[in-house]
Amino acid sequence: MDIGFQGNKRERTEIACICGERKTLKIGTVDNFIFESRIQVHNIPHFRCDFCGNVTYESNTGLPSLLKVAYRLKLMEIDWQQRDSTVVIFKIDLDYELKSQIEQMINKIIDDLKDGEPFLIMRDEPILGRRLENIVVLEEIITKVILLQGNGE
Ligand SMILES: [Zn+2]
């Protein structure tokens with residue numbers, strides 16, 4: 001039994017395909033489907049058969065959890081190479097300066113953001129964001145804020 005001793009494991013560059021041809025190791029974009037959603041994963045190592053198009057991944061890519069996060073955040077593409085760094089994704093249209101300002105701020109406070117918890121960035125028009133694992137998505141600009149007045153004393 002292999003007890004996690006991977007140091008001497010030689011990296012494969014070719015494996016057999018179900019069609020009888022060979023699949024070769026490539027790094028690039030692969031389409032994945034989760035239910036009705038197509039999620040493109042960029043820069044991921046995979047074995048692809050040029051003959052029938054069949055794709056296989058190594059088991060250590062962490063792809064299933066990455067796809068789960070992408071699906072929950074409704075992302076249509078994700079970069080496998082960035083899976084270990086904090087990634088800020090803007091689904092809203094903001095100017096470049098504001099985006100980089102928000103990115104810097106999020107990188108500073110990332111540990112204070114709970115996984116899965118939505119948050120608001122307060123400015124003239126608040127921005128709704130959400131963190132899932134190491135991906136932070138800025139989802140929506142809130143254009144209307146209603147302050148509920150209490151009865152007072
Ligand atoms: Zn094949």
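I began with β7 and β8, which pair in the antiparallel sense over four bridges. The model is predicted. I then followed the chain between the two strands. A hairpin of five residues joins β7 to β8.

Next I took β8 with β9. I noted residues 127-132 for β8 and residues 135-141 for β9. They also pair in the antiparallel sense, over six bridges. I checked isoleucine 127 again, now towards β9. Its bridge partner there is isoleucine 141.

Which order do the four strands take? I read β6-β9-β8-β7, an open sheet with mixed pairing. I marked β6 (87-90) and β7 (118-121) as the edge strands, since each pairs on one side only. I noted an average twist of 30° from one strand to the next.

I looked for a helix on this sheet. Helix α2, residues 96-109, lies across β6, β7 and β9. I noted its angle to β6 as about 145°.

I turned to the domains. The domain assignment gives domain 1 as 14-82 and domain 2 as 87-141. I put their centres, taken over C-alpha atoms, 27 Å apart. How many residues of each domain are in contact with the other? I found five in domain 1 and six in domain 2. On the side of domain 1 that touches domain 2, I listed three nonpolar residues, one polar and one charged.

I asked which residues of α1 are buried. They are Leu63, Leu66 and Ala70. Seen down the axis of α1, these buried residues fall within an arc of 65°, so they line one face of the helix. I found that the buried residues pack against β3 (37-49) and β5 (77-79). On the other side of α1, I marked Pro64 and Ser65 as exposed.

I continued past the end of α1. Lysine 74 follows the helix and sits in the loop between α1 and β5. I noted a positive phi near 55° in this residue other than glycine. Is lysine 74 buried or exposed? I counted it as exposed, because 11 other C-beta atoms lie within 10 Å and the cut-off for exposed is 12 or fewer.

I placed asparagine 43 in strand β3. I found 14 other C-beta atoms within 10 Å, so asparagine 43 is partly exposed.

Last, I checked glutamate 58. Where is glutamate 58? I found it in the loop between β4 (55-56) and α1 (63-72). Glutamate 58 counts as partly exposed, because it has 15 C-beta neighbours inside 10 Å. I also took the separation from glutamate 58 to glycine 129, 71 residues apart along the chain. Their C-alpha atoms are 32 Å apart.

Methods:
Residues numbered from 1 in each chain as written. Predicted model: local features only at pLDDT ≥ 70, side-chain atom pairs only at ≥ 80, totals over all residues. Buried ≥ 20, exposed ≤ 12 C-beta atoms within 10 Å, placed from the backbone. Pairing = 2+ DSSP bridges. Axes fitted to C-alpha atoms, helices over the stretch in contact; angles between N-to-C directions. Contact = placed C-beta atoms within 7 Å. Domains from an automatic or database assignment. Nonpolar A, V, L, I, M, F, W, Y, C, P; charged D, E, K, R; others polar. Arc of directions from axis to C-beta.
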